Amino acid sequence: MRLQPAVAARPGTPAWDGHFPERLPGDWQLAYLGHFRSRVLLPGVLADDATVAAPFGDWDEAVPPNLRLTLVWPRALPVAAGAQAVVGLAGELGERLDGVLFAPGVDASAARAALHDAGLERLMLAGPGEARELAGVERACWYPCLAGGEGPGVWHVTPAGTPDPAGWRAVVEALAGVTPAGPVPVFLDASPGVLDDVRTIAKLLGWGP
């Protein structure tokens, strides 16, 4: 098992915006992040009505070539409209759009078939999400891998409060105790600034990338 800590983008929140230089425009945030990170989860970009939010401005300009984005497909999103929305975003982003996580309750088989029919077989698809109870964690959702990707699934985790190093160790240990073997992305609702520490903790405990 190899835990791969990454970040969930929450523009407009102190944990997210506080990571960036004070005067950095919002449409430069992903480019700034792309100098240091390679993978970002974008919860809330796909809406229930199939509209696609653009919190960073023009997608093609905002996303650097090395960054890989993963979307969350919400439960109430209709299959056909959702597939069309993902196809549109894939047209703007190309290989920078890396995957889709299906929220709890989604008919993942129908959504997967629609994306396959639309020519998006390359995407990593995982879900539907399964809520889990873990020590030191406010919310945790496990997404079993359906297609693409290299490992058994993906985590999306909101830690309880603002963990110190000991708190992050508890989170890493809790995840390791229930994660199947293989490389597993762990998207954290936390400041991007904590990722180096979390990766170091995971590596020291023998579960790092």
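Me: Where is Glu-92 placed?
Reply: In this predicted model, Glu-92 belongs to helix H4, which covers residues 79-93.

Me: Why is Glu-92 called partly exposed?
Reply: Its relative accessibility is 37%. Buried means under 20% and exposed means over 50%, with partly exposed in between. The value for Glu-92 lies between those cut-offs, so Glu-92 counts as partly exposed.

Me: Which residues form the negative surface patch?
Reply: Asp-27, Asp-58, Glu-61 and Glu-92 form it.

Me: Why is Gln-4 called buried?
Reply: The relative accessible area of Gln-4 is 18%. Buried means under 20%, so the term applies to Gln-4.

Me: Where is Gln-4 found, and which residues does Gln-4 touch?
Reply: Gln-4 sits in strand E1, residues 2-8. Leaving out residues up to four places away in sequence, Gln-4 touches Arg-39, Pro-183, Val-184, Pro-185, Val-186 and Pro-209.

Me: Why does Ala-50 count as buried?
Reply: Ala-50 has 18% relative accessibility, and the cut-off for buried is under 20%, so Ala-50 counts as buried. Its place is in the loop between strand E2 (39-42) and helix H3 (59-62).

Me: What is the phi of Ala-50?
Reply: Phi is near 75°, a positive value in a residue other than glycine.

Me: Which residues does the cis peptide bond join?
Reply: The bond joins Gly-127 and Pro-128, with omega about -5°. Pro-128 lies in the loop between strand E5 (124-126) and strand E6 (130-132).

How values were computed. Residues numbered from 1 in each chain as written. Predicted model: local features only at pLDDT ≥ 70, side-chain atom pairs only at ≥ 80, totals over all residues. Heavy atoms only, no water. Patch = residues over 30% accessible without salt bridge, like charges linked within 9 Å, V, L, I, M, F, W, Y side chains within 5 Å. Areas by Shrake-Rupley, 256 points an atom, 1.4 Å probe, with all protein chains shown as cover. Salt bridge = Lys/Arg side-chain N within 4 Å of Asp/Glu carboxyl O. Lys, Arg positive; Asp, Glu negative; His and termini not counted. Charge placed at Lys NZ, Arg CZ, Asp CG, Glu CD. Helix = DSSP H or I, 4+ residues; strand = E, 2+ residues; numbered from the N terminus. Buried < 20%, exposed > 50% of the residue type's maximum accessible area, 1.4 Å probe, protein only. Contact = heavy atoms within 4.5 Å.
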